[in-house]
Amino acid sequence: MGLSVGYVIRRIAMFLVVIWVAATINFIIPRLVPGDPIQTMLAHMAQTERIENAAAITQELRATYGLDAPIQEQYARYILNSFRFDFGLSLNQFPTKVGDLVLRAMPWTIGLLATTTLLSFGLGTLMGALLVWRGTPRWAQVMLTPFTFFAAVPYFLLAVVFLYLFAYVWKILPTGGVATAGAKAEWTLAYVGDVLQHFILPAAAMALAGLGNWMLGIRGMMVTTIGADYLNLAYAKGLTDRRIFFRYALRNAMLPQVTSLVIALGHIVSGAILIEVIFTLPGIGNLLYRSIGFLDYPMIQGITFVLVVSVAFSVLLLDLFYPRLDPRITYTRK
Amino acid sequence: MNTDAVLRINNLHVHYQTPQGAVKAVDEVNLFVGRGERFGFVGESGCGKTTTALAILQMIQYPGKIVAGEILLEGKNLVELNAEEMRRTRWREVSLIPQGAMSSLNPVMRIKDQIADAILTHEGRSARTGLNQRIEDLLVTVGLQRPVAQMFPHELSGGMKQRVCVAMAIALKPKLIIADEPTSALDVVVQRIVTQTLIEVQERIGASLILIGHDMGLQAQIVHRLAIMYGGHLVEMATVKKIFQAPQHPYTQVLIGSVPSPKTKKSPFALPGLPPALLNPPPGCVFHPRCAKALEMCRTQVPPLHEIQAAHFVACHLYR
């Protein structure tokens, strides 16, 4: 429905082009930046041990990173490797592969952010819609209104406040990390419970900060939808309030929200850097933060690339899925 | 008076509360609609036609409120029903063909789902068997093809959407159908066909019809009786024939006189002045500032609706 084979093919081709451009930029930028990462590495080594044959080591490292080949060959190899998610070795945690580090950090970030994004989207959309729905009891509207305030509060500020109150003053929740120090990472109830406990504060801060934005977003759309003629007819049809709310009002008001949600979900791989730094979570955000500090180019490139792919992929899915949500959108050529 | 009235409105007052005071949108309206009768409401914009119709459905929105009167649908006073009872009454007993058919269908729902919504809400799950067949039959009744059931509103033309609305309105065989300017957005050809369909289905299910509009020509072809409204008041009510041949109220006379005629070729008479501001209506007869025949008492006393001949009601001091 609404999709032609030609469109799907063109859309996927577009997706691949975006990724290719991203990989190319990834390739060019570090080569424009002054400074030689190999020399920086040597300098780091020199701090801890005596370097006898600097020239030989430099030569060897250049070969390891493929920097001795002509530029065209470097580029071709780089693009090819990018599509295989192979970004070589981390400079900071030499000689671990960038891919492995990213893979290890990813579950924490996705686990935290996917949950909180979906949670605050669901709750925020529902609460914002109820805020202006005429069937909502007065007391509920009064209770809901203050939550829109959180649209103005940055999540890291909430995080710090929560950290201070729950971990420092009342000492009921841990200050950071993903598990109690020394706990064995295994699929036991105790360990999972421990992890969940560590996630309460960052998740609460993220979800609450996101809530206000979703509420404000849906509220405006909802007001427009409530005034629509088809809502009036739905009332005249004698449908239940509940059905009108979900099937006629919210269903239509939500469409632009879904676009925002998909883009937000695409961005979660980059993590919310500050939240991971504040709570010392070993996620992608933290990894990126540390890599920037160490000028760990392969790491930065790898993470950037994963981010680009995930955003582009989310938007691709959205484009292919949207005609299902809104039948007025169609990509078939007439 | 016709005793077999499906709808009887007694002494209806609808006010919109504003910071400046109450706007009397409907003031002292009395009328009845017989079984199977087609009843027309005519008047200029803002005269209270649509507000009266919404009052029947109990869909007057805040800050509007029915401040007095009863609306008896087969003896049941709709004004006194609670929200849930009224919800069950809507569509099953009184349905609506809306003003803007173009935008009255949910854009993201298939036609069949929108019709099914009304049926299932009122008849329950037992209506599920044979539902698709029933919906398609309804569409055929109003001159649409069966595949329309699977379509979305944006895939239909204006006339088709209006037919869908007609089909939806008769789905539960209500006693009364309120058509609020159902064809005002359509061109005259489609208008004619859609109204013809409307009359056919209304007669088939034996419902009464209230047709709201300002097109005197269209009304004359369709309805049995006409009610003329002005400034929230019902000023004259009689059969179409009487209204056109012997209009009594000065406003009706002007209204009839304003219908252009190809025979005389003279330009139609236009009433000077503007409709009254209902926030602060003129005292006495609401029409007196524009009335050429106004008497002294028109300035002070509100004329009641009065039966001057059999089944011919006029609210004017000239006929006391």
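Predicted model: local features only at pLDDT ≥ 70, side-chain atom pairs only at ≥ 80, totals over all residues.
Residues are numbered from 1 along each chain as its sequence is written, and chains are lettered from A and ligands numbered from 1 in the order in which they are written. The pLDDT is the predictor's confidence in each residue, from 0 to 100; chain B averages a value of 90, and 98% of its residues score at least 70. The model as a whole scores ipTM 0.89 and pTM 0.84.

The contact, in which two residues count if their C-beta atoms, placed from the backbone, lie within 7 Å, takes 17 residues from chain A and 22 residues from chain B. On the side of chain A that touches chain B, helix H9 (229–236) and helix H10 (241–253) each supply at least two residues, where a helix is a DSSP run of H or I with at least four residues, a strand is a run of E with at least two, and both are numbered from the N terminus. The largest share of that side, six residues, comes from H9(A).

Turning to chain B, we find an open sheet of four strands in the order S2-S1-S4-S5, with antiparallel pairing; two strands pair if DSSP finds at least two bridges between them. Strand S2 (21–34) and strand S5 (76–77) of chain B stand at the edges with a single partner strand each, so one side of each is left without a neighbour in the sheet. Strand S1 (residues 5–18) of chain B is joined to S2(B) by ten bridges, and B:Leu12 stands opposite B:Val29 in S2(B).

Further along chain B comes strand S10 (residues 233–239), in which six of the seven residues are buried, that is, have 20 or more other C-beta atoms within 10 Å of their own, with C-beta atoms placed from the backbone. Six bridges join strand S9 (residues 225–230) of chain B to S10(B) in antiparallel fashion, with B:Arg225 opposite B:Thr239. In this hairpin, which has two residues between the strands, B:Gly231 takes a positive phi near 55 degrees. S10(B) is also joined by two bridges to strand S12 (residues 312–314) of chain B, again antiparallel, and there B:Met237 has B:Phe313 as its bridge partner.

How values were computed
Buried ≥ 20, exposed ≤ 12 C-beta atoms within 10 Å, placed from the backbone.
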